[in-house]
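I opened a new model today and went through it one feature at a time. These are my notes, in the order I looked things up.

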Amino acid sequence: MPSSKTLFATAIVFAALSFPAAVAQDTIVDRQDQAAGKVPSIPSGLNQGFSIVRTPAKRVTATITFAVDIPSVKANTWVFAMPEPPDLPSQTLIHASTKPDSERIKDKSVFKRTIRRCRIEVQDDSQTSAAQFRCDDEIQLFNRSLKYEKRITTENAPVDPLSAEDRAIFLRSTPEYDYQSEEFQKWKTKNRFQRRRTEGEVRFAQRIFQKLANTYQYSYVPSEDRTASLLCQSDATDCGGLSTLFATVMRSEGVPARILSGRWAISANPGETINDQPYYQYHVIAEFYAQGVGWIPLDTSSAIIHDRTKTKLQYFGQSDGDFITYHVDPGVEFDTDLHGDYRAAYFQIPLMWLTGEGTLDQFSHKESWTVSP
């Protein structure tokens, strides 16, 4: 996943300055979402015996603090932004607040995600070169476990089907899920990633998950372009790339799928890094929707790193209530209030903009992530 340093560099806009990292990260902004087109339909009744057991796990308060110090700048306005955690099968938001206070705006995607946007007008010299933003989110997390009973002895609670609107949203081709591309289709055919006639969504997803877990390596490169048509030409990527690949295969075969971008519900370890980049528990997982079962979680990168079993299914259909989602799917586009619209592929840390005078030569920042009961 992108590091905090890289995400900041892609987000910040100051006067007429431009940053190479911003150009690299924003190459997909102009590509538009495409309609799902003709994707295969899947008969009902093929997931017989499967069910998701959902139980309360823990109630936590997650706190993000993001502080910047730029002695070479004399700012007159600061703006910070951060998504508000959505309600999902894996979590329920109890209470959310920020310091300073934020206004709630909706992003410009089909999800209309809630974004907390905080505008700070400089009142005295202490605010001209330094600012801080904090989010406190109280969340109820849930365990979810996929169960299978060959002979069903009890009636499972009925599962509401996806609405036609949601189904279309989670089947569509997007800049990241570009399953209509020639490169992706060739890779898909080579790996026999077409659903077999007798496979329901669960069995099909298991097969794709196992193949990815057995053939890909985990590799974290902050500047990586996590577009499916590029990822499929490699044999290594990170949690965001693996989740994108899985969801793209699912969508291309008529199975609604999505990725969840957020952080582990565990406080950051001071000084921890990945590839020499600060690490604050950033993570991405995936989900797919199975008829009669519901949304099923999976974590391909954890399977690659931690699962030593032959089946590679320890992280399929299992979520221990230890992950906090800040947004569903890549591509959060919203009005920055200072510099027009901005599109963040992954939005796991506060982003910042400012207006003023000076340079960014002496820029530094500090971040903290704590999770308490």
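Ground rules next. This is a predicted model, so I noted that local features need pLDDT of at least 70, that side-chain atom pairs count only at pLDDT 80 or more, and that totals for chains, interfaces and linings use all residues. Residues are numbered from 1 along each chain as its sequence is written, and side-chain values use heavy atoms, with hydrogens and water left out.

**Entry 1: D238 and helix α7**

I placed D238 in the loop between β8 (236-237) and α7. Helices (H or I, at least four residues) and strands (E, at least two) are DSSP runs, numbered from the N terminus. Is D238 buried or exposed? It counts as buried, at 0% relative accessibility.

Then I checked the length of α7. The expected span of a helix is 1.5 Å times one less than its number of residues. For the 14 residues of α7 (residues 239-252) that should give 20 Å, and the end C-alpha atoms are 20 Å apart, which agrees. The helix is mostly covered, with 14 of its 14 residues buried. L242 lies in this helix. I found L242 buried, with a relative accessible area of 0%. Its C-alpha atom is separated by 6.3 Å from that of T300, 58 residues apart along the chain. Just after α7, G254 takes a positive phi of about 85 degrees.

**Entry 2: aromatic rings**

How many aromatic pairs does the structure hold? I noted 17. Rings of Phe, Tyr and Trp (its six-membered ring) pair if their centres lie within 6.5 Å; planes under 30 degrees apart count as stacked, over 60 as edge-to-face and the rest as tilted.

F80 and F133 make a stacked pair, 5.5 Å centre to centre with 10 degrees between the planes. F80 lies in strand β2 (residues 73-83) and F133 in strand β6 (residues 130-148), so this pair ties together parts that are 53 residues apart in sequence. Both F80 and F133 are buried.

W187 and F193 form an edge-to-face pair, at 5.2 Å and 80 degrees. Both W187 and F193 are buried. I also found F111, F170, Y289 and W295 linked by ring pairs into a cluster.

The charged end of R258 sits over its ring, 3.8 Å from the centre. The test asks for NZ of Lys or CZ of Arg within 6 Å of the ring centre and within 35 degrees of the ring normal. R54 lies over the face of F142, at 3.7 Å from the ring centre.

R258 has a salt bridge too, with E287, the closest N and O atoms being 2.8 Å apart. A salt bridge is a side-chain nitrogen of Lys or Arg within 4 Å of a carboxyl oxygen of Asp or Glu. E287 lies in strand β12 (residues 282-290) and R258 in strand β9 (residues 257-264), so the pair ties together parts that are 29 residues apart in sequence. E287 is buried, with a relative accessible area of 0%. R258 is buried as well, at 6%.

**Entry 3: other salt bridges**

A search of the whole structure gave me 20 salt bridges. One joins K108 and D341, with 2.9 Å between the closest N and O atoms. K108 lies in the loop between β4 (103-106) and β5 (114-121) and D341 in strand β17 (residues 341-344), so they tie together parts that are 233 residues apart in sequence. K108 counts as exposed at 52% relative accessibility. D341 counts as partly exposed at 40%.

Methods. Buried means under 20% relative accessible area, exposed over 50%, partly exposed in between (1.4 Å probe, protein chains only).
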